[in-house]
Amino acid sequence: MNKRPGIGFYIFLVVFVFFVMFPFIWVFLTSIKPPGEIFNNFNWFTSSPSIDSYINALTNRPLVRYMFNSFIVSSLTTIIAIGFASIAAYALTRLPIKFKGLILGIILASSMFPQIAIISPIYNFITAIGLRNSYMGLVIPYITISLPLAIWILATFFQKIPWELEESAKLDGATPFQTFRKIIFPLAAPGIFTTAILVFIAAWNEYLFALTINTEDSWRTVPVGISFYQSQFSIPWGDISAATVIVTIPIVILVLIFQRRIVSGLTSGSVKE
């Protein structure tokens, strides 16, 4: 018989959620305050809420354009990275390749380099091939960053798939690629979907490469675009807070819509038959 959690558990849960959500709650409350109240007091709520900051965030800078750029870059990065990572993870976990552990170790080590250490050669490469101020100029370095993590996560999911299914496919005359496409890939769909969400969010939030490579305003992504709301003599915290709320909503909606798939992917393979 399952024991129902007590009142202490729910109190802890409320406190925990409050601390987790506190930054976003504070940003939202700041976004609806008049500019004068943001600096004059530290009250949680305002007696005269206003949407002026949201209007300014959408009119003073091309926020919609920034969001469109981020969506295109993040989507292309996710599609390409997951495509390459799934094939690589399948080869490293299901095919008879020597030194698999060493290869995975090298892949993991490549993800440990800080971005500031690799930005110079990547910037020179992007400039040399003429891709500055373009979508692909960001997609290429983003794939470089996201591939190691995606390969490692997908390799974990592919290892959990029973070998008997692959053996049966081989007996039926299926090639390794047919086995991957018709059996392994569909069975690993929850893990692939979860990895895709993580790659998309990472690309959406990336700042350093976006700041360095795409310098024209029409090609900037959301994080860089919001950082340019400030002027030389003032920082419009109300506008920045409003813009932060606006650009966070699509990610929240995306996670809420696909939360069941995400949870399924995160827990896939955790229980052995």
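Modeller: We can begin with a pair of helices: Phe 185, Pro 186 and Leu 187 of α9 meet Ala 189, Pro 190 and Ile 192 of α10. Contact means heavy atoms within 4.5 Å. Helices (H or I, at least four residues) and strands (E, at least two) are DSSP runs, numbered from the N terminus.

Colleague: At what angle do the axes of α9 and α10 cross?

Modeller: Helix α9 (residues 176-187) and α10 have axes that cross at roughly 65 degrees and come within 4 Å. Helix α9 is therefore roughly perpendicular to α10. Axes are lines fitted to C-alpha atoms, for helices over the stretch in contact, and angles run from 0 to 180 degrees between N-to-C directions. Angles under 35 degrees count as roughly parallel, over 145 as roughly antiparallel, 65 to 115 as roughly perpendicular and the rest as oblique.

Colleague: Before we continue, what kind of model is this?

Modeller: This is a predicted model, in which local features need pLDDT of at least 70 and side-chain atom pairs count only at pLDDT 80 or more, while totals for chains, interfaces and linings use all residues. Residues are numbered from 1 along each chain as its sequence is written, and side-chain values use heavy atoms, with hydrogens and water left out.

Colleague: What is the mean pLDDT of the chain?

Modeller: The mean pLDDT (the predictor's confidence in each residue, from 0 to 100) is 82 for the chain, with 91% of the residues at 70 or more. Where pLDDT is low, the predicted coordinates should not be read in detail.

Colleague: And the overall picture: how many helices and strands are there?

Modeller: The chain has 14 helices and zero strands. Its C-alpha atoms fill a box of roughly 75 × 65 × 30 Å along the principal axes. Of the 273 residues, 35% are buried; buried means under 20% relative accessible area, exposed over 50%, and partly exposed in between (1.4 Å probe, protein chains only). Among contacts with a separation of 6 or more, 73% are between residues 24 or more positions apart.

Colleague: Back to helix pairs. How do the axes of α7 and α10 cross?

Modeller: The axes of α7 and helix α10 (residues 189-205) cross at roughly 160 degrees and come within 10 Å. Helix α7 is therefore roughly antiparallel to α10. The crossing of α7 and α10 is right-handed; a crossing is left-handed if the near helix is turned anticlockwise from the far one by less than a right angle, and right-handed if clockwise.

Colleague: Which residues in α7 and α10 meet?

Modeller: On the α7 side they include Tyr 142, Ile 153 and Phe 157, and on the α10 side they include Ile 192, Leu 198 and Val 199. The contact of α7 with α10 has 10 nonpolar, three polar and no charged residues.

Colleague: What about α6 and α7?

Modeller: Helix α6 (residues 115-128) and helix α7 (residues 136-159) have axes that come within 11 Å and cross at roughly 140 degrees, so α6 is oblique to α7. Gln 115, Ile 122, Phe 125 and Ile 126 of α6 make the contact with Gly 137, Ile 140, Pro 141 and Ile 145 of α7.

Colleague: Where does Asn 133 lie?

Modeller: Asn 133 is in the loop between α6 and α7. With a relative accessible area of 16%, Asn 133 is buried. Asn 133 has a positive phi of about 55 degrees, although it is not a glycine. Most residues other than glycine have a negative phi.

Colleague: Finally, with which residues is Trp 152 in contact?

Modeller: Trp 152 belongs to helix α7. Apart from neighbours within four places in sequence, Trp 152 is in contact with Leu 104, Gly 105, Ile 107 and Leu 108. Its relative accessible area is 33%, so Trp 152 is partly exposed.

Methods: Nonpolar A, V, L, I, M, F, W, Y, C, P; charged D, E, K, R; others polar.
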